[in-house]
Structures are given as C-alpha cells and as structure tokens.
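The stops below can be selected one after another.

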Amino acid sequence: MAEYGDIRTGRHCVFVLHAHLVFVTKFRHRVFTGAHLERMEQIMRDVCADFECELAEFNGEASHVHLLVNFPPKVALSRLVNSLKGVSSRRMRQEFPELARHYYQANKLWSGSYFAGSVGGAPISVLRQYIEQQNRPA
C-alpha cells in the first residue's frame, strides 16, 4: 500500500494515482544537455501545478525524459500529456533556439507518441485475493 504521505483527498474521494510518463524527441534526436533538462523540469512542474498534479520525479537523457506524476482522478491523463508536451516544446524552442535547428521541417520537439504506465499499489493477485476475502452480506 502507498505511504500515508502519498494519499490525497478530494471533495468526494481519497486517492493515490501515479503515472510513469516517457516522452521521446522527434526522430529520436539526441538534443538535450543538463541545462535543457533543468529548465524542462521547471516547465513540467509548472504545467503539473496548473493541473493540480505533482511532478514527483523527473529525469532524462539526450533523447528522452521520464516523469513520475501524482495526479487527481479528475485529470484526464491524455490532456495532461498534451499540455506537458505542447507547453514544454514551445517554451524550450523559444528559450533555446539551438533546439529548433534539429526540427526545421517538423517544428516540433517531441515525437507524436508517448509511454504512460500506472505505478504503485499491490500486485493484481494480491488485490484479487483481498477483494475475494471481503465479507459479502448474505
């Protein structure tokens, strides 16, 4: 089970939702440096805050980034991803013009695809057993 510090509450719910997101650069070009990743982390944190999400972890390499996002149930993950990729692409290309030269035709920083995986909690077998052992009224 998640640590108590991870549990968040909404008006009518209690939740712990984490997603592992991976974004890859267009054509998998190796364009990021440490300075790029530091600025991108701040941009991603700002976008997450706008969605009432928390960027729990961020890291990356020259051609891709990994994010661990804690999000509320009211947020559609696809909309969050769309904003994360769109805002970061626009701001990074504005602030670092050298990134734009790699994408002179496409004018996009990110590939159109992404990876999203649910994270945390118990294995399915443990959850299935827990649910099976509930005391159902007769």
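Helices (H or I, at least four residues) and strands (E, at least two) are DSSP runs, numbered from the N terminus, and the expected span of a helix is 1.5 Å times one less than its number of residues. This is a predicted model, in which local features need pLDDT of at least 70 and side-chain atom pairs count only at pLDDT 80 or more, while totals for chains, interfaces and linings use all residues. Residues are numbered from 1 along each chain as its sequence is written, and side-chain values use heavy atoms, with hydrogens and water left out.

Start with the whole chain. It holds 4 helices and 6 strands, in the order β-β-β-α-β-β-α-α-β-α. Of its 138 residues, 33% count as buried (under 20% relative accessible area; exposed is over 50%, partly exposed in between; 1.4 Å probe, protein chains only).

Next, select residues 77-95, helix α2. Its 19 residues should span 27 Å at 1.5 Å a residue, and its end C-alpha atoms are 27 Å apart, which agrees. Colour L80, V81, L84, K85, V87, S88, S89 and M92, the buried residues of α2. They pack against β3 (18-25), α1 (34-50), β5 (64-70), α3 (97-100) and β6 (110-119).

The core has 29 residues, and F23, M44, V65, L67, V69 and L84 have the most contacts inside it. Two or more residues come from each of β3, α1, β4 (54-60), β5 and α2, with α1 giving the most, 6 residues.

Zoom in on L67. Leaving out residues up to four places away in sequence, L67 touches A19, H20, L21, F23, M44, L55, E57, F58 and L84 (contact means heavy atoms within 4.5 Å).

Move to H18, in strand β3. H18 counts as buried because its relative accessibility is 14%. Beyond four places in sequence, its contacts are D6, L68, V69, N70, F71, G117, S118 and V119.

What lines the second largest pocket? Select V81, N82, K85, G86, S89, R93, N107, K108, L109, W110, S111 and G112 to see the lining. α2 supplies the largest share of this lining, 6 residues, and β6 is also among the elements that give at least two.

Terms used
On a 1 Å grid over the protein atoms alone, a cavity is a set of points where a 1.4 Å probe fits but cannot get out, and a pocket is an open set with protein on both sides within 12 Å along at least five of seven lines; lining residues have an atom within 4 Å of a point. A nonpolar core is a set of buried Ala, Val, Leu, Ile, Met, Phe, Trp, Tyr and Cys residues joined through side-chain atoms within 4.5 Å.
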